[in-house]
Amino acid sequence: MLVAHLQQPASPAPQEAPVEDPDPAPTLDTKDVLAAAERFPWALAAPGERHWPDGAFLDVALSAVRTEERQGYIERLEAFVQQHRARLEELLRAYGPGSRPASRGRYALIEQPETLVTLERMQTNPFGLRSQWEKEMEDVLLDDLEYAWGPPIRLSR
């Protein structure tokens with residue numbers, strides 16, 4: 001049997017299946033996200049006027065968008081804004097320009113388009129937002145926004 005086995009032609013070595021790269025996570029174009037946020041002028045104090053044109057707040061908020069959430073994120077942001085329209089309008093009235101809290105120099109983020117992304121992340125991924133924010137921004141800005149929005153989970157210390 002041993003001789004018969006040795007006389008059989010060698011079987012071809014198993015070939016490894018080519019490893020396919022999984023689809024890379026879609027990237028979020030900040031210009032597209034900002035343009036989507038600016039389509040809701042009733043949620044913004046002064047469309048077109050930006051206090052932080054460098055985009056740092058938007059970048060931090062978008063960094064809290066998980067890989068699996070990137071596909072279709074703009075549509076989810078638009079749905080979030082529509083779903084929370086009354087709450088966003090009240091937020092702008094109570095804490096936006098001309099309000100008593102705003103006159104003290106606080107809540108400056110409320111009137112900005114990137115705030116819509118920040119609030120959406122506050123609702124969807126609050127711990128991810130907080131961890132990204134603490135790496136790059138002053139906590140007081142997020143704390144103020146969190147207080148004004150009143151999410152179900154308090155993230156501030």
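Predicted model: local features only at pLDDT ≥ 70, side-chain atom pairs only at ≥ 80, totals over all residues.
Residues are numbered from 1 along each chain as its sequence is written, and side-chain values use heavy atoms, without hydrogens and water. Local features need pLDDT of at least 70 and side-chain atom pairs pLDDT 80 or more, whereas totals for chains, interfaces and linings use all residues.

The table gives the confidence as pLDDT, the predictor's confidence in each residue from 0 to 100. Helices are DSSP runs (H or I, at least four residues) numbered from the N terminus.

| Part | Mean pLDDT |
|---|---|
| Protein chain | 81 |
| Helix H1 (residues 2-7), lowest | 60 |
| Helix H4 (residues 73-83), highest | 95 |

In the protein chain, 73% of the residues reach 70 or more.

The axes of helix H7 (residues 114-124) and helix H9 (residues 139-149) come within 11 Å and cross at roughly 70 degrees. H7 is therefore roughly perpendicular to H9 (65 to 115 degrees). Contact (heavy atoms within 4.5 Å) involves Thr-115, Thr-118, Leu-119, Met-122 and Gln-123 of H7 and Leu-142, Leu-145, Glu-146 and Trp-149 of H9. By class, this contact has five nonpolar, three polar and one charged residues.

The structure holds one cavity of 30 Å³ or more, and the largest cavity has a volume of about 40 Å³. A cavity is a set of points on a 1 Å grid where a 1.4 Å probe fits but cannot get out, and lining residues have an atom within 4 Å of a point. Helix H5 (85-95) and H7 each give two or more residues to the lining of the largest cavity. Among the lining residues are Leu-88, Thr-115 and Leu-119.

Definitions and conventions:
Axes fitted to C-alpha atoms, helices over the stretch in contact; angles between N-to-C directions. Parallel < 35°, antiparallel > 145°, perpendicular 65-115°, else oblique. Nonpolar A, V, L, I, M, F, W, Y, C, P; charged D, E, K, R; others polar. 1 Å grid on protein atoms, 1.4 Å probe; cavity = no way out; pocket = protein on both sides within 12 Å on 5 of 7 lines; lining within 4 Å. Points joined across faces, edges and corners; volume = space filled by probe spheres on them.
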